[in-house]
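Work through these exercises with the structure open beside you. Try each task before you read its solution.

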Amino acid sequence: MTALKVLLTSALLLGTAAVSAHDYHAADLDIAHPWARPLPPVATVGVTYFTVSNQSDTDDVLLSAESPVSETVEIHTHVKEGDMMKMRKLDELAIPAHKEVILAPGGHHLMLMNLKEVPTEGERFPVTLHFKEAGSVEVEVAVETPSASRQHNAAEHSHH
Ligand SMILES: [Cu+2]
């Protein structure tokens, strides 16, 4: 019921921009708007983004993730090497107390390795996130082209 309330509140605050917004909770973690770009049918890897806010007084850690659409899911970040941005695999991703960690293009992301099926635009696929403190939560990842409304949303987040 809490998730429903949050959705309703978001809808009131954001109006039509919230049509595709969806939030999940694991203990004191809020996982906002998991999404992935549409991929060509021949794609072998996919990328998933979302924002995690830790409302608790305890640091948490994203330990791992899994999805039925891929063989494995890795936690990645981008690091600058010379003038090149390169992806690097992380063993885990810290979610500090009272902080928001954004997984977004050019930064942290989940990498779906060896796709078994390629979700198409408009579909949703499940990903299960395993946190050290908050435990496990399954989220639905929306496959969609980045839109002006979400960029607006992301801009709002950066003002926090
Ligand atoms: Cu990656």
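**Exercise 1. The hairpin of S1 and S2**

Which residue takes a positive phi in the hairpin of S1 and S2?

Solution. 
- Step 1. Bear in mind that this is a predicted model.
- Step 2. Find the two strands. S1 covers residues 23-26, and S2 covers 29-36.
- Step 3. Look at the turn. Two residues lie between the strands, and alanine 27 has a positive phi near 50°.
- Step 4. Check the pairing. S1 and S2 run antiparallel and are joined by four bridges. Tyrosine 24 stands opposite isoleucine 31 in S2.

**Exercise 2. The partners of S2**

Find how S2 pairs with S3 and with S11.

Solution. 
- Step 1. Start with S3, residues 46-54. S2 pairs with S3 over five bridges, in the antiparallel sense.
- Step 2. Turn to S11, residues 135-143. Here the sense is parallel, over two bridges.
- Step 3. Tyrosine 49 in S3 stands opposite tryptophan 35. Alanine 142 in S11 also stands opposite tryptophan 35.
- Step 4. Seven of its eight residues are buried, so S2 is largely enclosed by the rest of the structure.

**Exercise 3. The nonpolar core**

Which residues have the most contacts inside the largest nonpolar core?

Solution. 
- Step 1. Note the count: this core has 26 residues.
- Step 2. Name the residues with the most contacts: Ile31, Phe50, Leu110, Val127, Leu129 and Val141.
- Step 3. Ask where the core residues come from. Elements giving two or more include S2, S3, S10 and S11. The largest share, five residues, comes from S2.
- Step 4. Beyond its neighbours within four places in sequence, phenylalanine 50 is in contact with Ile31, Ala32, His33, Pro34, Leu103 and Val139.

**Exercise 4. A glycine in a loop**

Is glycine 106 buried or exposed?

Solution. 
- Step 1. Locate glycine 106. This residue is in the loop between S8 and S9.
- Step 2. Count the other C-beta atoms within 10 Å: there are 8.
- Step 3. Apply the cut-off. A residue with 12 or fewer is exposed, so glycine 106 is exposed.
- Step 4. Find the residues glycine 106 touches. Setting aside residues up to four places away in sequence, these are His78 and Met85.
- Step 5. Compare sequence and space. Glycine 106 and histidine 78 are 28 residues apart along the chain, yet their C-alpha atoms are separated by 6.3 Å.

**Exercise 5. The whole protein**

How many helices and strands are there in the protein?

Solution. 
- Step 1. Read the elements from the N terminus: α-β-β-β-β-β-β-β-β-β-β-β-α.
- Step 2. Count them: two helices and eleven strands.
- Step 3. Of the 160 residues, 24% are buried.

Terms used: Residues are numbered from 1 along each chain as its sequence is written. This is a predicted model: local features need pLDDT of at least 70, side-chain atom pairs count only at pLDDT 80 or more; totals for chains, interfaces and linings use all residues. Two strands pair if DSSP finds at least two bridges between them. A nonpolar core is a set of buried Ala, Val, Leu, Ile, Met, Phe, Trp, Tyr and Cys residues joined through C-beta atoms within 7 Å. A residue is buried if 20 or more other C-beta atoms lie within 10 Å of its own, exposed if 12 or fewer, and partly exposed in between; C-beta atoms are placed from the backbone. Two residues are in contact if their C-beta atoms, placed from the backbone, lie within 7 Å.
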